[in-house]
Amino acid sequence: VVHDIRGPLGGIIGLTEIISEQGKENKIDEVLEFINLIHKSGKSILELADEILSAEKNKSVAIKGNEMDMQSFKEKLEKLYIPQAKSKNIQFEVNIIPRAMGIPFPKNKLLQIIGNLISNAIKFTPNGGKVSVGLDVDNSNSKYNLNIKVKDSGEGLSPEKIDNILNGSASSEQGTEGEKGYGFGLQLIKHLISGLNGKLNISSVPGE
C-alpha cells in the first residue's frame, strides 16, 4: 500500500511546493485549480488504499461490487496521477477506444498495476514530456481481453534492461529529477499481472 501511494502523494507534495515557491506571485485561479487537484487526488489515494486493503482482507468480494467501466477507470487514473504529472510539467492523458465504452470489467488489482506503470513513466520522463494511457477491449478470440497501453517520451529502456524487468532481476534507479526508487515496483506489477493470467509486454528504445 505504501509503495502504491508514493507516486500520487509525491504529486500532491509537488503541487504544494510550486504554490510555496511562487509565493506572492501566485495567481488565485491557478492556486484554486491546484487545491482542487490536491483534493481529488487525496480522496483517490484513500480510495486506492481502501481498495488494496479490502481486496487483501476479503478475496471473495462479490463481483458486482468489484466492477467498473472505462469512464470511471479513466476518471480514477486522472485524479490520482494528474498532480504527479503536473508537478513535473508533464502532459498526461487517458484515452478510451470507443468500442470499449460501457463494457464492465473486474477492477481487481488494476489500479495497482496501471498506477505503478504510470508513476514509473512520469518518474523517467523529463520535464516537458508526455505520458499517455490507452484503454481498449479486444474480443477477437471470442472472449474479452482488457488492453492497457502506457506510453511515455522518457529515457527509454535498452534490450538488456527489458530482459532484467521480465526475468525479475531489475534494480532500482533514480528518476529524471532524482526521484528515489525501491526496486520492486516492476516486480510487483509482473507478479500481479501473472496472478490475473495477463501478459506484460515492453517495447522501448533508449532515448525515445
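Colleague: Where does N197 lie, and why does it count as exposed?

Modeller: N197 lies in the segment after α6 (185-195). Helices here are DSSP runs of H or I with at least four residues, strands are runs of E with at least two, and both are numbered from the N terminus. As for exposure, the cut-offs are relative accessible area under 20% for buried, over 50% for exposed and in between for partly exposed, with a 1.4 Å probe and protein chains only. N197 comes in at 74%, so it counts as exposed.

Colleague: And what is the phi of N197?

Modeller: Near 60 degrees, a positive value in a residue other than glycine. Most residues other than glycine have a negative phi. N89 also has a positive phi, near 55 degrees, and sits in the loop between α3 and β2 (91-96).

Colleague: What should I keep in mind about where these values come from?

Modeller: This is a predicted model, so local features need pLDDT of at least 70 and side-chain atom pairs count only at pLDDT 80 or more, while totals for chains, interfaces and linings use all residues. Numbering starts from 1 along each chain as its sequence is written, and side-chain values use heavy atoms, with hydrogens and water left out.

Colleague: What is the mean pLDDT of the chain?

Modeller: It is 83, and 86% of the residues reach 70 or more; pLDDT is the predictor's confidence in each residue, from 0 to 100. Over residues 60-64 the value is below 50, and beyond near neighbours in sequence that stretch has two contacts in the model. Contact means heavy atoms within 4.5 Å.

Colleague: Which elements does the chain have, and in what order do they run?

Modeller: Six helices and five strands. From the N terminus on, they run α-α-β-α-β-β-α-β-β-α-α. Of the contacts with a separation of 6 or more, 77% are between residues 24 or more positions apart.

Colleague: What makes α3 and α4 roughly parallel?

Modeller: The angle does. α3 (residues 70-86) and α4 (residues 110-123) pack at about 30 degrees, with axes 11 Å apart. Axes are lines fitted to C-alpha atoms, for helices over the stretch in contact, and angles run from 0 to 180 degrees between N-to-C directions. Under 35 degrees counts as roughly parallel, over 145 as roughly antiparallel, 65 to 115 as roughly perpendicular and the rest as oblique. α3 and α4 are therefore roughly parallel to each other. Among the residues that meet are F73, L77 and L80 in α3 and L111, I114 and I118 in α4. That contact divides into ten nonpolar, three polar and one charged. Ala, Val, Leu, Ile, Met, Phe, Trp, Tyr, Cys and Pro count as nonpolar, Asp, Glu, Lys and Arg as charged, and the others, Gly among them, as polar.

Colleague: What about α1 and α4: roughly parallel or oblique?

Modeller: Their axes come within 10 Å and cross at roughly 45 degrees, so they are oblique too. H3, D4, G7 and P8 in α1 meet Q112, N116 and S119 in α4. By class, that makes one nonpolar, five polar and one charged.

Colleague: How do you know that K107 is buried?

Modeller: Its relative accessible area is 18%, under the cut-off, so K107 is buried. K107 is in the loop between β3 (105-106) and α4. D69 is 38 residues away in sequence, yet 8.7 Å from K107, C-alpha to C-alpha.

Colleague: And T125, buried or exposed?

Modeller: Buried, because its relative accessibility is 0%. T125 is in the loop between α4 and β4 (130-138). The C-alpha atoms of T125 and I90, 35 residues apart along the chain, are separated by 7.8 Å. Across the chain, buried residues make up 36% of the 208.
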